[in-house]
Amino acid sequence: MVELKVGDRRVLGRGDFPAFFAALRDAGYDVIGPTIHDGAIVYDRLTRVEDLPIGWTDRQGPGKYRLERRGDQALFGYNVGPFTWKKFLYPPRERLWTAYRDGDAFSIEPEPVDGPPLAFLGMRACELAGVRVTDRVFQGGPVADPGYSARRSRLLRIAVECGEAGANCFCVSMGTGPGVGADVDLVLTEILEPGPHRFLLRVGSPAGAEVLARVPLTPAEPTDGQIAEAIVERTAGSMGRTMNTEGIRDLLRNNLEHPRWDNVAKRCLACTNCTMVCPTCFCSTQEEVPDLDVSKVERWRRWDSCFNLAFTELHGSSVRKSGLSRYRQWLTHKLGTWNDQFGSSGCVGCGRCITWCPVGIDLTEEVAAIRKSPGATAAAATKGGSP
Amino acid sequence: MPVHKPRVAVWKFASCDGCQLTMLDCEDALLAIADKVEIANFREASSAVVEGPYDLSLVEGSVTTPEDVRRVKEVRAESRVLVTIGACATAGGIQALRNFADVDEYRRLVYAQPQYIETLATSTPIADHVPVDFELRGCPISKAQLLEVISAYLTNRAPNVPNESVCIECKRRGNVCVLVAHGTPCLGPVTQAGCGAICPAFHRGCYGCFGPQGSPNVPSMLKELGELGMAPLPMYRVFRTFNAMAPAFRSAADSAVSEEDAP
């Protein structure tokens, strides 16, 4: 068998997909991928190909998500669900260390960060971009987060190019998809027709090539490449939403007193759902959990959100008391000041915050409303933003 | 910290005892607590009563009788720290529905000898009568939060009990949103976390047992419930439950129906 190199393309027949899946497990990977749970496609540990949402798709709208049967047996015929891969790299609750008291002294035991290597099967282009963002957040600074870094170093990223766009998708606007670039381990493009149900497979890394060593593959014909390109092009042309990102950082910065913030604050429930489903929102709070005689104290980290009143609580009161200030903080950070902090936008265009907002607040609409009448309260803005 | 073992007392006012049972339900953790403290008064667990003063009083139930008004002041006077536990003690409980009705009429209808019933026209939270150091929400309270509060006061630190929404618990737990994915009316966005998002985990909407979250947006929630097909009367009723007297939920019920349509 010829050894595969980065950039090689092969065809994987649908009938051989179980062999590919088995190869991942044989290589020691814990395979995480899409599966149906409680009426949605979520990411969870998969044990067999049948765990995938075969023949299902999702219909999304602002504040709305429903599963629907497809007319075919596509393995990846849906868009994105309520959960992101972030929960496997950056768990919702994580013990960071444990301290033990010994008389007047104490010792700290770091949390072990070992675990099985993970294979994320079915990452979308926007989600790969999301992981690039969280890589910068957790590993880009002077001190890398040990848990995140350990899990990330054991990660195999298997992407699937989207065969269709969802109603809340806008990856084209954010420059993150739907085509998958080079920073990945393996890329699949699912071809349902013409010809037999198959996948065009592209090797993105040596680790990706390694798992394919014993998987039956056939050479890719030029037409396979053309079909895959056409699929991605069609998806790119049918984005459910668009966002004009030109000068967006300054647009938001110069409109901190725009009346639209008040309008959105009236609708915003401050429930945190947008931040929980966002692939890049990373805020957490840390808490000490002592036992009753404080002989042992555990330090835990759990997901927090800038929409929580307590998020900015200092000496007994919150800095951002109003819903307005919290929504504005979130959006101006995500689309604007994130660039100053991490060198990219914090938004990857997946549309989850639109779908999973119970009242369907759509950030693309909010930005468009501000762009339509910038400087609506320019006089007030010169005084600077109130908290 | 006192030199003697901290003395903990549990008091009951108008309530179903469910929150005290939550404490008994702590099992192993309760034994560990019992080892660290002197349980001075806990009628649900033991008939032995130790005289005050108490280092920590846990108060269950609401104030519904003239006797309660007197007794709650006594409990406060004997307690270094007073923590109220559960929806009755923190918001008046389900029995606070009397606050919106005519208690005399109830008394005449329910009791054969109404002259023997001595009751107030209202059910009110403990904090309406005496200063309260901390209010633990829930109907019933959560075991984990109760242990956290006890442990916090025994070690002289602030309890870590977030006032965030139930939604954040759903997402941390891995629940799929019943409102967005199933179209089920759910009070999670306006309700305080603490229960672990139990109802949504079983495909039910949140009933608001833990009362309003830190910054509830009631008008937006009502609009959304209406869009999910909930009629004004059910919307009114869903906020008139265990936390009916919590200001945000009270105003939610009041806004759900017009005054003449209110039952």
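**Cysteines and a helix pair**

Modeller: Happy to! B:Cys139 is partly exposed, with a relative accessible area of 30%. Keep in mind that this is a predicted model. To count as one here, the two sulfur atoms must lie within 2.5 Å.

Now try B:Cys206. Its closest cysteine sulfur sits in B:Cys186, 5.2 Å away, which is too far for a bond. B:Cys206 is buried, with a relative accessible area of 7%. Searching the whole structure, over all chains, gives zero disulfides.

Next, the helices. In chain A, helix H9 covers residues 259-267 and helix H13 covers residues 363-372. Their axes are 10 Å apart, and the packing angle is about 155°. Angles over 145 degrees count as roughly antiparallel, so H9(A) and H13(A) are roughly antiparallel to each other. The crossing of H9(A) past H13(A) is right-handed.

Which residues meet there? From H9(A) come A:Arg260, A:Trp261, A:Val264 and A:Arg267, and from H13(A) come A:Glu365, A:Glu366, A:Ala369 and A:Ile370. Sorted by kind, the residues of this contact between H9(A) and H13(A) are four nonpolar and four charged, with no polar ones.

Notes. Residues numbered from 1 in each chain as written. Chains lettered and ligands numbered in written order. Predicted model: local features only at pLDDT ≥ 70, side-chain atom pairs only at ≥ 80, totals over all residues. Heavy atoms only, no water. Axes fitted to C-alpha atoms, helices over the stretch in contact; angles between N-to-C directions. Helix = DSSP H or I, 4+ residues; strand = E, 2+ residues; numbered from the N terminus. Parallel < 35°, antiparallel > 145°, perpendicular 65-115°, else oblique. Left-handed = near helix turned anticlockwise from the far one by under 90°. Contact = heavy atoms within 4.5 Å. Nonpolar A, V, L, I, M, F, W, Y, C, P; charged D, E, K, R; others polar. Buried < 20%, exposed > 50% of the residue type's maximum accessible area, 1.4 Å probe, protein only.
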